[in-house]
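Here is a briefing for someone meeting this structure for the first time. Keep the sequence and the 3D view side by side while reading.

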Amino acid sequence: MPFHRRPARSATGGLRRPFVAMASMALAVAAAALPLSTPASADPAATDATGDTTVTVDASAGLGTVDPAALGANTAIWDGYMNDPEVASLYRAAGIGSLRYPGGSYADIYHWVDNTAPGGYVAPGTDFDAFMGTVRASGAQPILIANYGSGTPKEAADWVRYANVTKEYGAKYWEIGNEIYGNGVYGSGWENDTHADKSPNQYAREVKAYAAAMKAVDPTVRIGAVLTMPGNWPDGVVAAGDTADWNHTVLAAVARDTDFVSVHWYPNTSSGDQSLAAVRQLPGELREVRSLLDRYAGADSARIGIAMTEANSNAGGGAFTSRPNGLFAAEAMMTALENGVFTVDWWDTHNGAGAISTVNGETDHGDMGMLSNGSSTGGVCEPAVNTPFAPYYGIKTLGALSDPGDTMVASGASGPEVSSHAVLRAGGDLSVLLLNKSAGAAHTVDLRYAGFTPASGAPDVQRWAPGDDGPVDAPGTATAASATLAPYSLTVLTMHPKSGTGSSAATVGAPGAPRTTAVAADSATLSWPAATGPVDRYEVYEQLGARSQLLGSSTGTSVTIPNLPAGSRHAVNVLARDQAGRLSRPSVPLTFTTGTPGGSTCTVSYRVTSGWGNGFVSDLVVSNVGPAAVDGWTLTFDGWTLTFDWPSAGQSVSSAWNANVTSEGRRVHVTNGENNGRLAPNGGNSATFGFVGGNDGANPSPTAFTLNGTVCRTIS
C-alpha cells in the first residue's frame, strides 16, 4: 500500500502557519471582609514539608465535568492503517472517546457518497462506513467535518440522513469545514474554498444554510462553526472590504445558529520544552473564546460548546514522537478541558516520518501521529506500524486519570518544573496527575488538600517515566502526602476518601449550573437549580488558583455578592452543605465579569483597530462627563481588579501617540500629551490617543479604567 504522509499546509489542516491564541433568604458575605478559606480537611501530612515543590488540590473548586468525547484523535482518509483492528484496540485502551473524520483540510475536498477527494489521495478501506466500524469497535463517537470548500448544504444534509436515518449511527457532532480562514482571504491560502466570496461574511451565511439543511433532517445534530484561536494568526486581522476580523464577523451572524465552535492550537515553537511552556497561553485564549460567545450569544452562550478539534505541539518542526511531546499531550489536553473545552482531538493517529532528530538521547521521527506508520526518512525507519509514540502514552495517562462524568478540580504547584491536574472521581476517589517537565532533575512533591481527606494507606500509582514501556502500575512508590517524580515523567495518584468524609459521604448532591441574573459594577446576583437531598445551606466559593474563598451563602437558591471591584472577573462554584455539615461536589463553574459605574463622571472607549496575531493597534477615547473640567489627567486601566493591570500577562505596549505611556508589568500608566490635557465638562471634548501593542497569547480588552482616581464607565 503506498504511503502518503500528511501533505504540506496547502493540502491538509494543521502544519505550517504564518508566524505574523437575590433570594429573600440569602445571606450575602462580602469578599473583601472574608479571610481566604476553603472547606476544611485534615492534612494527610503531619510532618513539615520535605519536598522541593508543594502541590495543592482543592476538591471544592470544580472546573467542569469530563465529557465522553473529552479525549479525541484525528483520522484521515489518506491513512491506509486508520481502520486496522489494532488501532481500535489502542483507542479503547487509552480512553479515546472521539474520532474526527475525514482528516483536516481533506474535509474541504471530500465527497462522502463516493469516498473521493479530487486532487488528493484516498487510501483503500477508508470510506465512511469503514470509519464508523472503527468508531464502534473503539467505543468512541464521531466528529464529522462537512465539506464546505467544494460541497453544499444539500450534500451535508444527505450525509446526515445516511448516517443517522439510514444507518442509525447517531453521529452528533458536525463541523462546517476545516480551517476556512486559511482560504486566502488573509493572504495565506491552504484550505480549498471554491466560493467566489471567501469572506467571513460568506462563511457565516453558508453556516446558517448548512445548519438549517442538516437539522431539517435530524434536529438533534450539533453544528460547529470554525473560529481562529485568539492570539494566533489570523486573529485580529481585518481583510480588505471587511469591517471586523474572522471571529467577530462569524459570531455576530451565527452565534445563535451553532451548537459549538471549533478552534485549533499549535503553539509554533522550536522545541518540546518550549511547547510545554507555551501551554500557559491556553487558559487566557480559551477565556477569550468564551468571552466572544458571551458577547454575541448572550444568555444562549452557556449551551454553546468549545471543541479543540486539532492540537499538537508544533506546526512545522520540533519534537513530535519523543517524550516531551507525550508530556505536552497530557498537559495541553488536560489544560484545555479544565478551561471549558469538551473535546480535544490530537493531530493525528498516523502521519508519517519527517525530520529525524535526537531529543534527550531519544530518536524523534518528526511524525505528528500518535502511532507509527512504519515509514522512513533518510534511511532511518520508524518502529513497526501502530507502535505507540510518546503522545499516545501521554493521552493514555489522561485516560487513567479520569472517566467521563468525573469532576475536574483545581490544583497548583509551587515550582515551575512541576504541574498538576486533579479529578474527583464519580465514586469519591481523588486522582492527581503530577507532571515533571524537567529533562534532567527529579522533584520531590509534598501534597496538600482542601475539601478532601485521604484514607490511610498508600494510593494507587500509575507512572510513565523513562524506562517504562508506557504507563505502568508502580505500587508503593508514593504516599498521599509525598511523591518523587522522575525527570520527564507523568505520575497519577488515586486516593480513597477517609471513611465518612468528602462529597461521597454527603447526603446532598451537587447544585445545578449557576447563572447570573444581574451583574452591576459592584455586585452580582447568582441563582442555581436546587441540589437533591436535605440541604442546610448553599455556599458560593470563588476560585483563586488552587485555593477557594467563600463569597456568600444562602438557604435559598440565589445570592447577591456585594462589594466586588468594577470590571473584575470571577470564577465561582456553588456547593450544598447537608445537615451534618458535609459539603457536596461543586457545581459546574460560572465565570462572570462585573460592569463599570453607569453614573461615573468619565467614560473610556477602548477599541482594537487592527491586529496580526501577536500584535495589535488600539485607539482610546477619554471623555469627562462631569460638571467640572479636568486639567491634566492620568489614565490607568485594569481587567481583573482595581490594580489597573492588563487582563493577560502577555500583553504590552511598544509605542503610543497623543499620550505618554509607561508600564510596570501588567500595569499601564497613560498621561496626557502636549495638546490634550484639558477635558471640558459635560463631554465638551475628548482626548483621543492610541498605541501599538504586543500579545503573547490572548489579547482581551481591559475592562476597568480609572481617571484621576475615578472609575470610568467603559463603553464599547
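Asn115 is buried, because its relative accessibility is 17% and the cut-off for buried is under 20%. This residue sits in the loop between β4 and α2. The model is predicted.

- Most residues other than glycine have a negative phi, and most peptide bonds are trans.
- Asn386 also has a positive phi without being glycine, with a value near 75°.
- Asn386 lies in the loop between β14 (380-381) and α9 (390-401).
- Asn386 is buried, because its relative accessible area is 4%.
- The peptide bond from Tyr101 to Pro102 is cis, and its omega is near 15°.
- Pro102 belongs to the loop between β4 (98-101) and α2, and Asn115 is found in the loop between β4 and α2 too.
- Trp233 and Pro234 are also joined by a cis peptide bond, with omega about 5°.
- Pro234 is placed in the loop between β7 (222-226) and α5 (246-254).

**The chain as a whole**

- The protein chain has 9 helices and 41 strands.
- The radius of gyration is 26 Å, close to the 27 Å that the globule rule gives for 716 residues, so the chain is as compact as a globular protein of that length.
- Along the principal axes, the C-alpha atoms fill a box of roughly 80 × 65 × 50 Å.
- Buried residues account for 58% of the 716 residues in the protein chain.

**Helix α1 against helix α2**

- Helix α1 covers residues 85-94 and helix α2 covers residues 128-138.
- Their axes come within 8 Å and cross at roughly 40°.
- The two helices are therefore oblique to each other.
- α1 passes α2 in a right-handed crossing.
- On the α1 side, the contact residues are Ala88, Tyr91 and Arg92.
- On the α2 side, they are Thr134, Arg136, Ala137 and Ser138.
- By class, this contact of α1 with α2 has 3 nonpolar, 2 polar and 2 charged residues.

**Helix α3 against helix α4**

- The axes of helix α3 (residues 153-166) and α4 come within 8 Å and cross at roughly 30°.
- Angles under 35 degrees count as roughly parallel, so α3 is roughly parallel to α4.
- The crossing of α3 over α4 is right-handed.
- α3 brings Pro153, Ala156, Ala157, Val160, Arg161 and Val165 to the contact.
- α4 brings Glu206, Ala209, Tyr210, Ala213, Met214 and Val217.
- The residues of this contact of α3 with α4 divide into 10 nonpolar, no polar and 2 charged.
- An α-helix has 3.6 residues a turn, so residues three or four places apart point the same way.

**Helix α5: its partner and its cover**

- The axes of α5 and α7 come within 9 Å and cross at roughly 40°.
- α5 and α7 are therefore oblique to each other.
- Their crossing is right-handed.
- Asn247, His248, Leu251 and Ala252 of α5 make the contact with Leu292, Leu293, Arg295 and Tyr296 of α7.
- Sorted by class, the contact of α5 with α7 has 5 nonpolar, 2 polar and 1 charged residues.
- Which residues of α5 are buried? They are Trp246, Asn247, Thr249, Val250, Leu251 and Val254.
- The cover over these buried residues includes α4 (200-217), β7, β8 (260-265) and α7 (282-297).

**Phe260 in strand β8**

- Phe260 is found in strand β8, and β8 is among the elements that cover the buried residues of α5.
- Is Phe260 buried or exposed? Phe260 is buried, because its relative accessible area is 1%.
- Not counting residues up to four places away in sequence, Phe260 touches Tyr173, Trp174, Glu175, Arg222, Ile223, Gly224, Ala225, Ile304, Gly305, Ala307 and Phe342.
- Phe260 and Arg303 are 43 residues apart in sequence, and their C-alpha atoms are 8.2 Å apart in space.

Definitions and conventions
Residues numbered from 1 in each chain as written. Predicted model: local features only at pLDDT ≥ 70, side-chain atom pairs only at ≥ 80, totals over all residues. Heavy atoms only, no water. Axes fitted to C-alpha atoms, helices over the stretch in contact; angles between N-to-C directions. Helix = DSSP H or I, 4+ residues; strand = E, 2+ residues; numbered from the N terminus. Parallel < 35°, antiparallel > 145°, perpendicular 65-115°, else oblique. Left-handed = near helix turned anticlockwise from the far one by under 90°. Contact = heavy atoms within 4.5 Å. Nonpolar A, V, L, I, M, F, W, Y, C, P; charged D, E, K, R; others polar. Rg over C-alpha atoms; globule rule 2.2 N^0.38 Å. Buried < 20%, exposed > 50% of the residue type's maximum accessible area, 1.4 Å probe, protein only.
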